[in-house]
2 protein chains.
Amino acid sequence: MTDPRIASLEQSVHGLRLKTDPADLEHYGRDWTRRWTPAPLAIALPASVEEVQAIVRWANAHDVAIVPSGGRTGLSGGAVAARGELVLSLERMNKALAFDAVDRTLTVQAGMPLEAVHNAAREHGLVYPVDFAARGSCSIGGNIATNAGGIRVIRYGNTREWIAGLKVVTGTGEVVELNNALVKNSSGYDLRQLMIGSEGTLGIVVEATLRLIDPPPPTNVMLLALPSFEVLMQVFAAFRAQLRLEAFEFFTDRALHHVLAHGAQQPFDEVHPYYVVTEFANDEAGEAAALAAFETCMEQGWVLDGVISQSEAQAQQLWRLREGITESLARYKPYKNDVSVRISAMPAFLAQTQALLGEAYPHFDVVWFGHIGDGNLHINVLKPDDTPDAEFIAACEQVTKLLAEVLQRFQGSISAEHGIGLVKKPYLGSTRSPAEVALMQGIKRAFDPKGLLNPGKVFDAPPASAPMTAQ
Amino acid sequence: MTDPRIASLEQSVHGLRLKTDPADLEHYGRDWTRRWTPAPLAIALPASVEEVQAIVRWANAHDVAIVPSGGRTGLSGGAVAARGELVLSLERMNKALAFDAVDRTLTVQAGMPLEAVHNAAREHGLVYPVDFAARGSCSIGGNIATNAGGIRVIRYGNTREWIAGLKVVTGTGEVVELNNALVKNSSGYDLRQLMIGSEGTLGIVVEATLRLIDPPPPTNVMLLALPSFEVLMQVFAAFRAQLRLEAFEFFTDRALHHVLAHGAQQPFDEVHPYYVVTEFANDEAGEAAALAAFETCMEQGWVLDGVISQSEAQAQQLWRLREGITESLARYKPYKNDVSVRISAMPAFLAQTQALLGEAYPHFDVVWFGHIGDGNLHINVLKPDDTPDAEFIAACEQVTKLLAEVLQRFQGSISAEHGIGLVKKPYLGSTRSPAEVALMQGIKRAFDPKGLLNPGKVFDAPPASAPMTAQ
């Protein structure tokens, strides 16, 4: 028997496309985490801002929780619908709406995949510079909701830097247009900035105006082999001093092992414990500077081997060693940490974390990689085939508790770029103080007084003595 | 007889420095606007975060409103204390606290003047790139409170881009540390971003961690004479296409007239209606590209004359023609508009605004200048000596109403960089919708439930049916 609320929603939002098949509920009810059993009420697929608005108003009238949904490539459970929520998928709102050559902006609907944004920008001879491996499946709305980072943050910053304006439907169904692509606007609180990274808990991003730039000059890619963790920051400093880096990514031999097993090509004859992929302009100055930095590092013993791309094809091959990691690990249901500290704190933090994990995970395969130039480290613990899911997660959570304590001492973040969602929520307190969480709850009340947008994500609603609905 | 609250404050915050002399009340009770009669309760000059916190807690216990106060160079009345508020001046908290060479950050107290920040950065061989004429008197805390812009936004963005972390005392006296200088941090709402541009209504910034950069390469400055407003955007496009611009500022013959009367040197033999000052790297490529752009503009008739700096002294002389404007106008008590639109909307907006002001102000001296590459226009209407203040302001407000209507049609902003404060508050609705203002009021409640921080600035408290104290 169908839930009577579905008929009510159909009546309220005439012509709304809805899905209720069990296969759809499962597909749209989860993201790339696999920890929760999807159980949404239904999937709404609006085709316009007006339909989004009408859905939110209906949800307010009937007290139905909504999970805004993009490409569901998230790794923190931010788009999971496991408690009877209505999934509001933006996937049909996936078009480019406007391009302005003078402002150099592209206005798109929130459901547009990142790769389609890249292509649309390129059609106008420009570039949207945020990039990461999930580009084909993730949506720009989801990128905004988590302030997505990726492989070029060191050069171009996070998604936040590229958002000139947002159109948002708030928790009460109001449509607000935030910043209107102005370069300068000191007219009260910048609600656009507040929306970025709010993980669908304050409003539903329905449109975004993105800043574009000229295509960067052609680049070279270099792969370096390192003898130890300790020299990593020295190598980074040597390259940063000489070059304007477009990327500086590191990974371990365990990461390489899995990518090779997944079909990538061995880059060196020997196996080395640590690797770096870096990218920089391939003009004469760039190549000479890179070779100078490389030689310095070889002389110091910080680098054991290296290769520089001679063609676009080889550059892609080298990048695949880094970008293929996540995919190659997927079958092991990895438990993921995505942490950050200040760049200056990185050496001490790495040392403490390495010691902690070496002791805590003697029996698990632990794969490290990260955006070292941004202070961002990814730690993936692989589940042994014979360990049950629940047991494995419980063991990992114990270690995350210890890791969170280390992070707190370093004033780091439990989520550098994945967002808090459900997965990191128990550890939010390592990064944000109780006073900050209370402020966030207060802001949530202003945008979503009934607490219907992505409830339970990022933080819990305040206790009953200060109910979400009391204004 | 002294107000008994002063004794109470002295008792509560032992050793707090307080000023209550009439001259001090007048000095600290106003900013660069001269529209309100200063009438603060007293001036508190805390020397530490703990003292700031104690003052705010005392204010909460006794329902005393607080006006946070920096250099009071603001032009919107954001730091005016005309209703018996306690002025909380940060001027004694003016020291650099820490520098980190790896993170390239400088941590300073909020009362540090911008010029002192520049100097402190330079001592470490680095640069804090936000800059404007009030650098000697304005404080970094005030810069953050208004997301200050200035003359290099086209190259370096607003203050927002350079804030790696903030320490803030909220309206309830909680100390929160926001972002801790992390490059990547997706752990809930970015309250740091929310604080930037909030004009002291959400919390008191007590410390800031600023990002620094390498010194830019040496630059050339070029002054251009233009025949009309209509060609301004063409000249901008021609220069932007060829050069990485560090600045692109325009002003009118009326502006030049006042700067020359104030002692600057006439740049050309003839008088021209419009001028541009632009700055760019003075390497070989830069100078050649600038000359190419200049020639194109001359051929098209967009530029009538030009001069390029041959020395640092001459560069400063040319800059003085633009930077001296505000000071040269001060004695005329100018009524200021500081508006912005999208760059692409600039030509049509300029045409409509010019027509409107030509009709509305036939008898006033109107001086235009602005950061044209950011879509930001400053309109200064000079008060004739024989017109009483109130009459003059009333006449100008009539015109601002019309200007606000034009702005609203263009989805522009009534305040590009000065902030809303008291001066622009009546026109906030031209830029922000009622739904947005309601969201701002809700956010204010979360940070400052009793509404004690800079009350009446930016927006009014919501009506009594939803009192500020109801949580």
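Predicted model: local features only at pLDDT ≥ 70, side-chain atom pairs only at ≥ 80, totals over all residues.
Figure 1. On the side of chain A that touches chain B, strand E8 (175–178), helix H7 (191–195) and helix H15 (434–447) of chain A each contribute at least two residues. H15(A) gives the largest share of this side, with 10 residues. Sorted by kind, the residues on the side of chain A that touches chain B comprise 24 nonpolar, 28 polar and 17 charged. The rule for salt bridges finds 8 of them across the interface of chain A and chain B. One of these joins Arg160(B) to Asp190(A), and the closest N and O atoms of this pair are 3.4 Å apart.

**Figure 2. The extent of the interface between chain A and chain B.** The size of an interface is often expressed as the accessible area that is lost when the parts come together. For chain A and chain B, the buried area is about 5,600 Å², and carbon and sulfur atoms give 55% of that area. Lys184(A), Ser186(A) and Tyr189(A) together supply 18% of the area that chain A buries against chain B, which is more than any other three residues supply. Counted by contacts, 69 residues of chain A meet 69 residues of chain B.

**Figure 3. Strand E3 of chain B and its parallel partner, strand E4.** In a regular strand, side chains alternate between the two faces of the sheet. Strand E3 of chain B, residues 66–69, has Ile66(B) and Pro68(B) pointing one way and Val67(B) and Ser69(B) pointing the other way, and all of them are buried. E3(B) pairs in the parallel sense with strand E4 (residues 86–89) of chain B over 4 bridges. Within E4(B), Val87(B) is the bridge partner of Val67(B). Ser69(B), which lies in strand E3 of chain B, has a relative accessible area of 2% and is therefore buried. Apart from its neighbours within four places in sequence, Ser69(B) is in contact with Tyr28(B), Val87(B), Leu88(B), Ser89(B) and Leu90(B).

**Figure 4. Val56(B) in helix H3 of chain B.** Helix H3 of chain B spans residues 49–62 and includes Val56(B). Because its relative accessible area is 1%, Val56(B) counts as buried. Leaving out residues up to four places away in sequence, Val56(B) touches Ile66(B), Val169(B), Thr170(B), Gly171(B), Thr172(B), Gly173(B) and Ile204(B). Ile66(B), one of these residues touched by Val56(B), belongs to strand E3 of chain B, where Ile66(B) is buried. Val56(B) and Ala345(B), which are 289 residues apart in sequence, are 44 Å apart in space from C-alpha to C-alpha.

**Figure 5. Buried residues of helix H8 in chain A and the elements around them.** An α-helix has 3.6 residues a turn, so residues three or four places apart point the same way. In helix H8 of chain A, which covers residues 232–242, the buried residues include Leu232(A), Met233(A), Val235(A), Phe236(A), Ala238(A) and Phe239(A). The elements against which the buried residues of H8(A) pack are helix H6 (153–156), strand E10 (219–226), strand E11 (245–252), strand E12 (274–281), helix H10 (284–300) and helix H13 (346–360) of chain A.

**Figure 6. Asn220(A) in strand E10 of chain A.** Asn220(A) lies in strand E10, and its relative accessibility is 5%, so Asn220(A) counts as buried. Not counting residues up to four places away in sequence, Asn220(A) touches Thr278(A), Glu279(A), Phe280(A), Ala281(A), Asn282(A), Glu287(A), Ile308(A) and Ser309(A). The side chain of Asn220(A) also reaches the backbone oxygen of Ser309(A), at 3.1 Å. Although Asn220(A) and Ser311(A) are 91 residues apart along the chain, their C-alpha atoms are separated by 8.3 Å.

Figure 7. Most residues other than glycine have a negative phi.

Methods: Residues numbered from 1 in each chain as written. Chains lettered and ligands numbered in written order. Heavy atoms only, no water. Buried < 20%, exposed > 50% of the residue type's maximum accessible area, 1.4 Å probe, protein only. Pairing = 2+ DSSP bridges. Contact = heavy atoms within 4.5 Å. Buried area = accessible area lost by both parts, 1.4 Å probe. Salt bridge = Lys/Arg side-chain N within 4 Å of Asp/Glu carboxyl O. Nonpolar A, V, L, I, M, F, W, Y, C, P; charged D, E, K, R; others polar. Polar contact = N/O pair within 3.5 Å; in protein donor to acceptor, adjacent residues only side chain to side chain.
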